[in-house]
Amino acid sequence: MGAQRYEFAIVGAGASGLMAAGETVQAGSTIVLEAKQKPGKKLLATGNGRCNLGNRGVSPAHYHGDVERASRVLERFSSEKLEQFWRKNGLLCRELDEGRLYPYGMQAASVLECLLRRVVERGGEVRCDFPVEEIRREQGFLTLSGPSGKVRARRVILACGGMASPSLGGGELGYRLAKSLGHQVTPLFPSLVQLTAPPARVKPLKGARSLAEISLWTGSHGVASAKGEVQFTGEGLSGICVFEVSRSYGELSEKERKTAELSVCLMPEYGPGDLYAFLRTAASSPLLPAQELLDGLLNRLVAREVLKSAVRRLPAYAREYKPAELSAIAARVRDFRFPVTGTAGWQAAQVTAGGVPLSEVDISTLESRLCSGVYLTGELLNLDGDCGGYNLHWAWATGLLAGRSAGMAANPGTRWDFRL
Ligand SMILES: Cc1cc2nc3c(=O)[nH]c(=O)nc-3n(C[C@H](O)[C@H](O)[C@H](O)COP(=O)(O)OP(=O)(O)OC[C@H]3O[C@@H](n4cnc5c(N)ncnc54)[C@H](O)[C@@H]3O)c2cc1C
């Protein structure tokens, strides 16, 4: 039996693929091929199941990679436009802190259902358990094949996502397909990921959380900083602020990584002089045990570890600390340092830094410059965003653009009712 023929085949039923399919289905027969057993696995896990689907502050400043080219896509798909899109498709957004947008019901499932409905109610098909392993041009069609069979399509949208989080669909297959079509892939590294530290330093802190300002250093050179809640995991440091500096860690050379350290300033609002004065007063209490000196300021686990790393001896009472020791403790509260041994890797990462260069696609359509009829979207491209809804914004924008462009190319001269 010959392979089934479609006008459009979308590889990957994730955020950008389903968005693209909702467009192409208005212009011709569409099939979405998904490697996993179900569509949208990663999407369901976004924002801890709540799906931080965008950000009102979207701007090129929140992206990394081929930002200049990407800004031409971002300017066409503003946050307002996307909110209107969701509204027209039956989903209201709500804004939480720092411009972050979520579905009003705070459930990622509602976003996935909305995307699937757009595809299926117009006759599109979603076929799961279908990893595409090869794409070839044959007799005017592109043939997509894998262990589950073959499909032919006139136009293909590669929406395979990146390497992050393999259990949710991340992997290298998309990059392999892109390379087989002649594309380059820039070096890939995990971003928005925990940083690891020596177990002896972080194990005692497991489970502690502290509001802090953190900065990444290599030798005496400050590389990046961020503010927020640091979570000590037992293997390293996590939390949105750590995710934010993790990208800069990924960019360091092997040599620079050898001296990488994360400095956690646990009381950024207080200068060393203020802190020292406070500690002197606190330490004058006659019965305050020395190991409890910082308990009124910091998470207890953190307080004990700061003391251990700041002073060599632990007297019985805080009043026994010498002025030099109090000054060392004050300094350590503002600069609690951890050597960085690496990242928690692809399994824990939220996003991939690197990908197919945007110079290899026509930025006004996202069609490959190297293989006509193939379009590329989302995380597969060399663009990644900060934490806060920016990565999904990019997935939606590129999915809409590629789907719409493929639809228009298939039907030149026709005006389509693309619902944005
Ligand atoms: C835990 C977690 C939480 C996140 N939270 C947020 C958040 O709240 N806000 C935000 O903006 N971003 C978030 N992200 C990032 C965001 O989910 C991704 O950037 C976004 O989903 C990328 O969209 P995409 O369409 O490129 O790829 P994906 O959504 O990953 O979809 C790609 C799909 O293609 C399939 N696939 C891959 N190769 C093939 C193949 N060869 N054949 C068939 N199918 C294939 C995969 O199985 C997958 O389903 C989070 C990521 C993770 C891991």
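Start with the cysteines: a search of the whole structure turns up zero disulfides (a disulfide being a pair of cysteine sulfur atoms within 2.5 Å). The model is predicted: local features need pLDDT of at least 70, side-chain atom pairs count only at pLDDT 80 or more, and totals for chains, interfaces and linings use all residues. Residues are numbered from 1 along each chain as its sequence is written, and side-chain values use heavy atoms, with hydrogens and water left out.

**Stop 1: the cysteines**

Select cysteine 160. Its closest cysteine sulfur is in cysteine 371, 13 Å away, which is too far for a bond. Next, cysteine 387. This residue is in no disulfide either; the nearest cysteine sulfur, in cysteine 241, is 10 Å away. Cysteine 387 has a relative accessible area of 11%, so it is buried. Buried means under 20% relative accessible area, exposed over 50%, partly exposed in between (1.4 Å probe, protein chains only).

**Stop 2: helix H1**

Select residues 15-24, helix H1. Helices (H or I, at least four residues) and strands (E, at least two) are DSSP runs, numbered from the N terminus. Ten of the ten residues of H1 are buried, so the helix is largely enclosed by the rest of the structure. Among them are Met19, Glu23 and Thr24.

**Stop 3: H4 against H13**

Show H4 (residues 79-88) with H13 (residues 390-410). Their axes come within 11 Å and cross at roughly 75°. Axes are lines fitted to C-alpha atoms, for helices over the stretch in contact; angles run from 0 to 180 degrees between N-to-C directions. H4 is therefore roughly perpendicular to H13, a label for 65 to 115 degrees; under 35 is roughly parallel, over 145 roughly antiparallel, and the rest oblique.

Colour the contact (heavy atoms within 4.5 Å): Ser79, Leu82, Phe85 and Trp86 from H4, and His393, Trp396 and Leu400 from H13.

**Stop 4: serine 405**

Stay on H13 and pick serine 405. At 10% relative accessibility, this serine counts as buried. Serine 405 touches Ser364, Thr365 and Tyr375, leaving aside residues up to four places away in sequence.

**Stop 5: the cores**

A nonpolar core is a set of buried Ala, Val, Leu, Ile, Met, Phe, Trp, Tyr and Cys residues joined through side-chain atoms within 4.5 Å. The largest has 76 residues; Trp86, Leu158 and Trp396 touch the most other members. H13 gives the most to this core, with eleven residues. Centre on leucine 158. Its contacts, not counting residues up to four places away in sequence, include Val11, Ile135, Leu177 and Tyr375. Apart from this core lies another, of 47 residues; look for Leu216, Leu293, Val306 and Ala310 among them.
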